[in-house]
Structure formats: structure tokens, C-alpha cells
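Here are a few notes to read alongside the model, for anyone opening it for the first time.

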Amino acid sequence: MIIERILVTTDFSAAGDRAVRAAADWARREKAALRIVHVAPTRRQLAGFWRSSGPEVQAVHRQAAITLGRLAESVDPSHQLELSTGVVNGPGARKIVRAAIDYRADLLVVGAHGENERSTGQSGLGGTATKLIGTVPCPLLLVRHPPEDRPANVLAAIDLTRDSFEILVWASRCAAGGTLHVLNAYDVPFASRLEAYGIAEGALDVYTDDEHTSRDRQMAALIAETGGGTNVHRIVGRGDAADRLFAQIRKLAPTLVVLGTHAGRKARSASTRYGSVCRYTAFFSPTDVLVVPRSAASELH
């Protein structure tokens, strides 16, 4: 996996600044080019919301470009990065996706929240971040916390499909020098119904033991295939995918959760308002979250 181009967007909020600093850290570590983009309101929006005239609209865009330049200088004062900036106009999520495609970004970094953020690390997502999940062609890093100068503690959730390989590649890269925990959660098919039919709990336990052994073996093979280091911990758990994942988040307090847009089945707790386990996790996890799109996984494996 080669990361050559990283795109980060900012609305000049505290959340946006954290995203830019996280992206700059990635760019330095990967020796990748970095582009910082701001999506400015359209002329119609500015004229309608603030009754701005044509010259005032132009001044807003010029000032945005100046502010981007200052931000770039603050994250790369020694000019060691291949760094560029840009201002685009229009609907936020749509323009960000377009920018990622045009720049051929290998990674898109955004703040989990925007200018309406109440506190660092809060759960929930801003409107733009929510729209970006599942729509960008490259992995999406949702930033909640400032970069930390300590070994990474990464939790990756996989479902043992072909998408899992790419998720593990990204998770291993993120955990370099730190610890990687790999989780696979599963349910016994028709477990509740079988219990209602009076099937002995011992029979379910036998199924669980066999399934656990099989899945642990598959996980070990996948980790070996990705070249995962020795500090990798495999976790197989029976139960709802979202429930098992959040139990591990509470237990392990990871700095980052990595998962795919189709990792695991739809969880009961995630199937109504938020859709998938991925969206549920992106919304409620207190950590940074890296979402690896299905397309990226399918191309590699």
C-alpha cells in the first residue's frame, strides 16, 4: 500500500484545525503530498444569507485563500512537505468528493465535527462528515482528537470477507510501532429461535467453540498475509457486531478504530437510524475512525 497524496478539508474551526494537523502528521510519516482545501459558500449563499455584494463575495474568497496559506505555514513552517492549498465553492460534501477524485487522494482527512462542535472528542458527526461516509472513493479519516505523541493503539473490525484484507493493511499501517487489536464478531444463526425450541445450551456452546476456532484461524491467516507485526491481538466474540465492537472500545480505549463500509452485518442497534455498523461506529465512537471503502478493498484482494 502506497500513500502518495493526502487531502484534508477545513472550515477553519477547531475541528478543522485538528484534521489539518493530523493530515500533516500522516504526510510527514508517509512522505506524501498534502493538499488543504476549504469549501467556501457560493455567491448565491453569501448574497442570500449575509446580503453580500459581488465585491464582498470576492473578498471572502480572497481571505479564505490567505487563511489557508497561514494554516499551511503553521503546520509546515520548515517547508518540508509538498503542500498545496485550494478554495472551492459549492455544496460541501459534493465538492469534497470531487476534490478527492481530482486530486487522486489516497486518504481523505476531515474533522468529525465542524464549526458547531461543543467539545473535543464528543460523539456524533457533523453534517458534511456524515454525507462523506460511503461516498468517497478513498479511505476516510474522521478526526476527533489532536495527534498524540505516544504509541498507537488501534482496533480493527473485520468480517472475514475479501474486504477484510484491505482493512487490515490500513490498520497495520496505522498501528506501526504500537498495538493492533483485530475483532471479528458473529452470531449463532437462529440462536434465539433454537433456544425457544429447547435446543440444549450445550449444543450452542459446541457450535460456538467450533466457530470461534475456525474464525480465529482465518484471522491469523489474514494477519499473516498482510505482514502484521508480533504485537497483534486477535479477538473473536459471539454477539451483535456493534455491541461487541463498542465493548472492546470501552475496554481497550483505542486511539483509532478502523473498519469498512460493509464490515459485519447490520446490527440491531445500528439498523434503524444509522444504517450500518460503520455509520453507527462513526457516529458514536469517542475515538478517531478510519473508514475503508468497499471499492478500495475489492481492488486489492
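This is a predicted model: local features need pLDDT of at least 70, side-chain atom pairs count only at pLDDT 80 or more; totals for chains, interfaces and linings use all residues.

1. Two cavities of 30 Å³ or more turn up in the structure. The second largest cavity holds about 30 Å³ of space.

2. Which residues line that second largest cavity? Around it you'll find Leu 132, Ile 133, Gly 134, Val 136, Cys 138, Leu 140, Thr 261, Val 291, Val 292 and Pro 293. Sorted by class, that lining comes out as eight nonpolar and two polar residues, with no charged ones.

3. On to the open spaces. The second largest pocket has a volume of about 610 Å³, and 23 residues line it. If you want to find its centre, look for Arg 29, Pro 147, Glu 148, Ala 152 and Thr 255, the lining residues that lie nearest to it.

4. Helix α1 (14–30), strand β5 (140–143) and helix α6 (163–174) each put in at least two residues, and α1 contributes the most, with four.

5. Now for the charges. Side chains of opposite charge can pair when their charged atoms come close. How many salt bridges does the structure hold? There are six, and the next points walk through some of them.

6. Helix α1 comes back here, since Arg 28 and Asp 25 both sit in it, three residues apart, or about one turn of the helix. They form a salt bridge in which the closest N and O atoms are 2.9 Å apart. Are these two buried or partly exposed? Arg 28 counts as partly exposed because its relative accessibility is 36%, which is between the 20% and 50% cut-offs. Asp 25 is partly exposed too, at 29%.

7. Helix α8 (residues 201–225) has a pair of its own: Arg 215 and Glu 211, four residues apart, again about one turn of the helix. Their side chains meet in a salt bridge at 2.7 Å, N to O. Both Arg 215 and Glu 211 are buried.

8. Another salt bridge joins Asp 216 and Arg 234, with 2.9 Å between the closest N and O atoms. This pair links distant parts of the chain, 18 residues apart: Asp 216 is in helix α8, while Arg 234 is in strand β8 (residues 232–238). With a relative accessibility of 41%, Arg 234 is classed as partly exposed.

Terms used
Residues are numbered from 1 along each chain as its sequence is written. Side-chain values use heavy atoms; hydrogens and water are left out. On a 1 Å grid over the protein atoms alone, a cavity is a set of points where a 1.4 Å probe fits but cannot get out, and a pocket is an open set with protein on both sides within 12 Å along at least five of seven lines; lining residues have an atom within 4 Å of a point. Grid points are joined across faces, edges and corners, and a volume is the space filled by probe spheres set on the points. Ala, Val, Leu, Ile, Met, Phe, Trp, Tyr, Cys and Pro count as nonpolar, Asp, Glu, Lys and Arg as charged, and the others, Gly among them, as polar. A salt bridge is a side-chain nitrogen of Lys or Arg within 4 Å of a carboxyl oxygen of Asp or Glu. Buried means under 20% relative accessible area, exposed over 50%, partly exposed in between (1.4 Å probe, protein chains only).
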